[in-house]
Amino acid sequence: MLFLFSKFKLKKWKKYTPEKRFVILRALEKKVARMLEIEPIKLELKEDSDHWNCFGAFTVVGDNRVIYLNDKLIYEPKYRFHAMETIAHETRHAYQFTLINRELRWYEFRAKRWKRNWFGYFSSSADNVMYNNQSIERDAQKYSLKLLKRHKGKYQAEEDFQNTYNAVLYRYEQADIDARKKYGIFYKQKIEKNIKNNSKY
């Protein structure tokens, strides 16, 4: 799809139907997957998203890989950059999953850490500090933040972009502060230990 990122500008986005917006998000996911050198992931809208407390989730059931999206991302224009960030974040999880599901060499320490985390994952409802600071979440947060930052210049006049970028940056930085407060200066080691103890890998 040509000029994909310009389609997120409000003057264009508000003219699109929800169906067209979903097509744009599918094209974005394909682009991010291509950048990460993985197969594109199927996108589906989450029904009844009022009772769902997040913007997206990458799921695997058997061979079926799906990214579920909160339908607010296509129905409410102010969330369009959250859609961009969510797709980058969840496609990065798909990349992590692809990486760990092969035979790992002895020196692939990051992939091994991700694999341990995948099998010792902490949900936000179980422990929000652990959730935000575990290695696969930190990596996905960092990746989506980097994607937003790369396109920041395009959206200088877009207030919704600034709001989204600031919210994502705040979440990333606040996670660090919360972890230090809860676990002290050696919080990274303590978090890794908790994951290792929780892991079935």
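Student: What makes W106, Y107 and F109 a nonpolar patch on the surface?
Tutor: A patch takes residues with over 30% relative accessible area and no salt bridge; nonpolar side chains (Val, Leu, Ile, Met, Phe, Trp, Tyr) are joined within 5 Å, like charges within 9 Å. A salt bridge puts a side-chain nitrogen of Lys or Arg within 4 Å of a carboxyl oxygen of Asp or Glu. W106, Y107 and F109 meet the nonpolar terms, so they form a patch. Their accessible area together is about 430 Å² (Shrake-Rupley method, 1.4 Å probe; for residues, only the protein chains shown count as cover).

Student: What kind of model is this?
Tutor: The model is predicted: local features need pLDDT of at least 70, side-chain atom pairs count only at pLDDT 80 or more, and totals for chains, interfaces and linings use all residues. Residues are numbered from 1 along each chain as its sequence is written, and side-chain values use heavy atoms, leaving out hydrogens and water.

Student: Why does F109 count as exposed?
Tutor: Exposed means over 50% relative accessible area, buried under 20%, partly exposed in between (1.4 Å probe, protein chains only). F109 has 53%, so it counts as exposed. F109 sits in helix α5 (a DSSP run of H or I, at least four residues; strands are E runs of at least two; both are numbered from the N terminus).

Student: Is E85 buried or exposed, and why?
Tutor: Its relative accessibility is 4%, so E85 is buried. Its place is helix α4.

Student: What makes α4 stand out in the largest pocket?
Tutor: α4 gives the most to the lining, 6 residues. A pocket is an open set of points on a 1 Å grid over the protein atoms alone, with protein on both sides within 12 Å along at least five of seven lines; lining residues have an atom within 4 Å of a point. In all, 28 residues line the largest pocket, with C54, G56, E90, Y131 and E137 nearest its centre. Its volume is about 840 Å³.

Student: How do the residues of the lining of the second largest pocket divide by class?
Tutor: There are 8 charged, 4 nonpolar and 3 polar residues. Asp, Glu, Lys and Arg count as charged; Ala, Val, Leu, Ile, Met, Phe, Trp, Tyr, Cys and Pro as nonpolar; the others, Gly among them, as polar. R113, R138 and K188 are among the residues closest to the centre, and by class they are charged. α9 supplies the largest share, 5 residues.

Terms used: On a 1 Å grid over the protein atoms alone, a cavity is a set of points where a 1.4 Å probe fits but cannot get out, and a pocket is an open set with protein on both sides within 12 Å along at least five of seven lines; lining residues have an atom within 4 Å of a point. Grid points are joined across faces, edges and corners, and a volume is the space filled by probe spheres set on the points.
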